Amino acid sequence: MPKDVAAVVDSSAPHGRPAGLTPRWWHSIALFGPAFVAAIAYVDPGNVAANLTSGAQFGYLLVWVLVLANAFAVLIQYQSAKLGVVTGRTLPELVGSRARPWTRRAYWLQAEVVAAATDVAEVIGGAIALNLLFGLPLVVGGLIVGVVSLGLLLVQAARRQRTFEFVIVGLLAVIAIGFLAGTFVAPIDWPAAAEGLVPRFDGTQSVLLAASMLGATVMPHAIYLHSGLARDRHHAELAHAAESGTVVRTGAAATAAPSVVGVGTGVDAGTDVGAPGPRFAAEPSRLRTLLRATKGDVVGALVVAGAVNIAMLLLAAAALRGVEGTDSIPGAYQAIQAALGPVVATVFAIGLLASGLASTSVGAYAGSVIMAGLLRVRVPLLARRAVTLIPALVILALGVDPTYALVLSQVLLSIGIPFALVPLFRLTGDRALMGEFADGTVKRVVAWTVVALIVALNLVLIVLALTGA
């Protein structure tokens, strides 16, 4: 057998089909998917509002915020996915299993507020897109977004995760085209864009927007969700292999399938750790294979998401700077139409619609993962979707400026980030839980530095808001 061919269980195939005839690189790509679903959170309507507002008001000044936030996101999302792959449990499940009842409920409440803020932003964004494309009233557009997202969730609820991933990745492609198209015709000042890589602010409003952009890029619900996506994708096949006695191989080495006793981390299968989840062992060699694929999945997904975010800011800085009315998405749409033509504006609106539809489905999925892990209650995704649609429709019905509501929702998300990051990095650095896959010293230093930077920005934001500076 050639050296570049790996005999491994293919997690992308049903029943752990051996992938011994496929090249190693192709097998790794076949494991991609969870990070691309999580990446939808990084290109949702909240990102559109924050990035367009930033570019229109401050030009290229805050490009550095997006670059730094995306670098943070690569580390954060990989850590979340690693937690799910190694332990077979989600971040909310592990937090819930270690917290006292009142602490667990309080933690759930803040996580639920974050998820609700996310959902509001996503439904509002989709409603704005339908209004721009077809002139529909915002409330009607919000209802349509809710109904379509219910249809997408039906796919996931039927345990067809691969199909769900394909649909979401397809929408991600539409989003990328919609927001990247304008950069090919907009007169972007590339030297000024390069200067935007130097960290600096220009007054209180720029700090507010930076926090909003950070909250829109590193979204707490995506941190909770990714551990569940990785667990649900990879552990179903590993569990089947373990229960059926399938031989699990990595490279030329073959190892009999391990017994059902945790996930190679010393966690006993009978331990009560909250919501039900896969409990079986996986060979360290197999976990290393999955983690290598996970790194590629995360980097690929967030390169796409980062490019889309930066493209939105560059487009706004080039075409919308100083144009009256561009502090709202409808105003930006009109300005893009006037400056770059109706085709670019329509493609932009289609990208916004795809963003709203995909992100609201992923947001509802995240809320379900949070509730199952922390309250140990499994609410059907469809029921949750119906309930969380109400706040967004109320905001639309009251006539609140939708773009301003989007920006504020992202600030709220930014404040919620540390509540997700602190337990995540504590868990991934716990050798008793993670075994040989626990974070090393360098990674722990980097991770806690990221937390410190995010908390510092949020503290500045809160002080500015309270003092009215």
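## Contact between α3 and α10

In α3, Gly-46, Asn-47, Ala-50, Asn-51, Thr-53, Ser-54, Gln-57 and Phe-58 meet Gln-205, Ser-206, Leu-209, Ser-212, Met-213, Ala-216 and Thr-217 of α10; contact means heavy atoms within 4.5 Å. By class, this contact has five nonpolar, ten polar and no charged residues. Ala, Val, Leu, Ile, Met, Phe, Trp, Tyr, Cys and Pro count as nonpolar, Asp, Glu, Lys and Arg as charged, and the others, Gly among them, as polar.

The model is predicted: local features need pLDDT of at least 70 and side-chain atom pairs pLDDT 80 or more, while totals for chains, interfaces and linings use all residues. Residues are numbered from 1 along each chain as its sequence is written, and side-chain values use heavy atoms, without hydrogens and water.

## Helix geometry

The axes of α3 (residues 45-58) and α10 (residues 204-217) come within 9 Å and cross at roughly 150 degrees. Axes are lines fitted to C-alpha atoms over the stretch in contact, with angles from 0 to 180 degrees between N-to-C directions. The two helices are therefore roughly antiparallel (an angle over 145 degrees).

## Two residues of α12

Helix α12 (residues 284-319) holds Thr-294 and also Leu-291; helices are DSSP runs (H or I) of at least four residues, numbered from the N terminus. Thr-294 is buried, at 5% relative accessible area, and Leu-291 is buried at 6%; buried means under 20% with a 1.4 Å probe, protein chains only.

Beyond four places in sequence, Thr-294 touches Tyr-78, Ala-81, Val-85 and His-234.

Terms used: Buried < 20%, exposed > 50% of the residue type's maximum accessible area, 1.4 Å probe, protein only. Parallel < 35°, antiparallel > 145°, perpendicular 65-115°, else oblique.
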